[in-house]
Amino acid sequence: RLASMGELSKETVFIDGTKLEACANKYTFVWKKSVGKWEEKMFLRIQDVLQMFNREYLKDFQISRENRAVDLRKIVDFLENYCRENHVSFVSGRGKRKCLHQRYLELFRRFLDRQSLYDLHNSRFDGRNSYSKTDVDATFMHMKDDHMRNAQLKPGYNVQIGVDSEYIVATDIFSDRNDVWTMVPFLETMEDKLGFRYPSVTADSGYESEEAYEYLRKNRQKPYIKPQTYETWKKRSFKQDISKRENMDYNPENDTYICHNGKLLKPVYIKNQKSKNGYLSEVTVYECEDCTGCPYKEKCTKAKENKKLSVSKTFIARRQESYENILSDTGILYRMNRSIQVEGAFGVLKNDYEFQRFLLRGKTKVKLEILLLCFGYNINKLHAKIQNNRLKSYLFPLKSA
């Protein structure tokens, strides 16, 4: 509707995210490492019991790591049939001594119940390291609102929004604590819902990755993404750090770097790295020809032998393109508007509307909740623009010096 009114520029989209607390108890956490640790301990305990069980019943039952629950169910079924056929009497209460068959049956039932619980936990993680029992889609994250000042993890969601001309044109909910893995799926959903593709994307350094750069390049979208090392590059300490690749001379003809001592770092091998989303990147490893007796070795590397550099050539080339884009006049204008428009939208939602915590549970309901909130925000923004005679104003101009 806003696009049909000419209220959207369709020139660039400003992307940012924030973490909002879920409607879940903060002490109902389930940790993936903890589940794995206890599951492994129980597996070792089962193997010890299984040896005695097989000797007692002259069987050769086995329990594999891949099919623990199925194998345990076979043993429980065997024991239940055995007790039924041999008319084993079960006892309970004080002063009653359980027979060996009853003790084995109850023990393996407990093993099966615990294994079923562990399998349920593992099925709910879905690539995450934690979840909440009262809202299984919520992930424990660090929140900006840390009133106890102890970096406490709270169940929450990563809310992503795309803003154009001060209006929220897209929003989505993610369980990832890091923004870098949300950019590609968010842009795909945005294009699918809006029916058009923005020619450029503006985002902060938290979204920078080779995967994001390659996705934008494939779709012919111009990146205005600030490099993660943008602020570090300006520091004198970085410029004087001889261990950094940026401070070494590079010879593109021989594909070699020259260190502070004049030695060559030559490519020795290429390795492939797979990201969380399955993206494969090619990394070239360079090694110095000889660091023996180098007077700068302590400042250059902590390696006992020769210095090594891991370099993704594709990532460096794409980062340089984005760096040049943000330094252009258009890039400066976009970066300034990104901080005003998308950060301002979150400021209104969280402070003016006092929306600090979701009221519903589950990813589907939470997404519906944030969508309704964004609709209300856009209506208020349109009303404010009409009142202030600012219709069809897309970008705030730069202030003249």
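Me: Which residues make the nonpolar surface patch of about 390 Å²?
Reply: This is a predicted model, where local features need pLDDT of at least 70, side-chain atom pairs count only at pLDDT 80 or more, and totals for chains, interfaces and linings use all residues. Residues are numbered from 1 along each chain as its sequence is written, and side-chain values use heavy atoms, with hydrogens and water left out. A patch takes residues with over 30% relative accessible area and no salt bridge, joining like charges within 9 Å and nonpolar side chains (Val, Leu, Ile, Met, Phe, Trp, Tyr) within 5 Å; areas come from the Shrake-Rupley method with a 1.4 Å probe, and for residues only the protein chains shown count as cover. Here the patch members are Leu368, Leu371, Leu372 and Phe375.

Me: How does Leu371 count by accessibility?
Reply: Leu371 sits in helix α11, residues 363–387. Helices are DSSP runs of H or I, at least four residues; strands are runs of E, at least two; both are numbered from the N terminus. Buried means under 20% relative accessible area, exposed over 50%, partly exposed in between, with a 1.4 Å probe and protein chains only. Leu371 has 31% relative accessibility, so the class is partly exposed.

Me: What is the distance between the end C-alpha atoms of helix α2?
Reply: Helix α2 covers residues 68–85, which is 18 residues. The expected span is 1.5 Å times one less than the number of residues. For α2 that gives 26 Å, and the end C-alpha atoms agree at 26 Å.

Me: Within what arc do the buried residues of α2 fall?
Reply: The buried residues of α2 are Arg68, Asp71, Leu72, Ile75, Val76, Phe78, Leu79 and Cys83. They line one face of the helix, because, seen down its axis, they fall within an arc of 155 degrees. That arc is taken from the directions from the helix axis to the C-beta atoms. An α-helix has 3.6 residues a turn, so residues three or four places apart point the same way. The arc asked for is 155 degrees.

Me: Which exposed residues does the other face of α2 carry, turned away from its buried side?
Reply: The buried residues of α2 pack against α1 (32–57) and α3 (100–125), with contact meaning heavy atoms within 4.5 Å. The face turned away from that buried side holds the exposed Arg84 and Glu85.

Me: Against which elements do the buried residues of α1 pack?
Reply: In α1 the buried residues include Val35, Met42, Phe43, Ile46, Phe53 and Tyr57. The 26 residues of α1 should span 38 Å at 1.5 Å a residue, and the end C-alpha atoms agree at 36 Å. The packing partners are β2 (29–31), α2 and α3.

Me: How many residues apart in sequence are the parts tied together by Arg357 and Glu21?
Reply: The two side chains meet in a salt bridge at 3.5 Å, N to O; the term means a side-chain nitrogen of Lys or Arg within 4 Å of a carboxyl oxygen of Asp or Glu. Arg357 lies in the loop between α10 (329–352) and α11, and Glu21 in strand β1 (residues 13–21), so the pair ties together parts that are 336 residues apart in sequence.

Me: Which parts does the salt bridge of Glu40 with Arg65 tie together?
Reply: The closest N and O atoms of Glu40 and Arg65 are 2.7 Å apart. The relative accessible area is 28% for Glu40 and 42% for Arg65. The pair, 25 residues apart in sequence, ties together helix α1 and the loop between α1 and α2.

Me: Which residues does Arg338 touch?
Reply: Arg338 is found in helix α10 and counts as buried at 12% relative accessibility. Arg338 forms a salt bridge with Glu343, closest N and O atoms 3.7 Å apart. Not counting residues up to four places away in sequence, Arg338 touches Phe14, Ile15, Asp16, Thr202, Ala203, Asp204 and Glu343.

Me: How far apart in space are Ser116 and Ala69?
Reply: Ser116 lies in helix α3 and is partly exposed at 38% relative accessibility. Ser116 and Ala69 are 47 residues apart in sequence. Their C-alpha to C-alpha distance is 6.5 Å.
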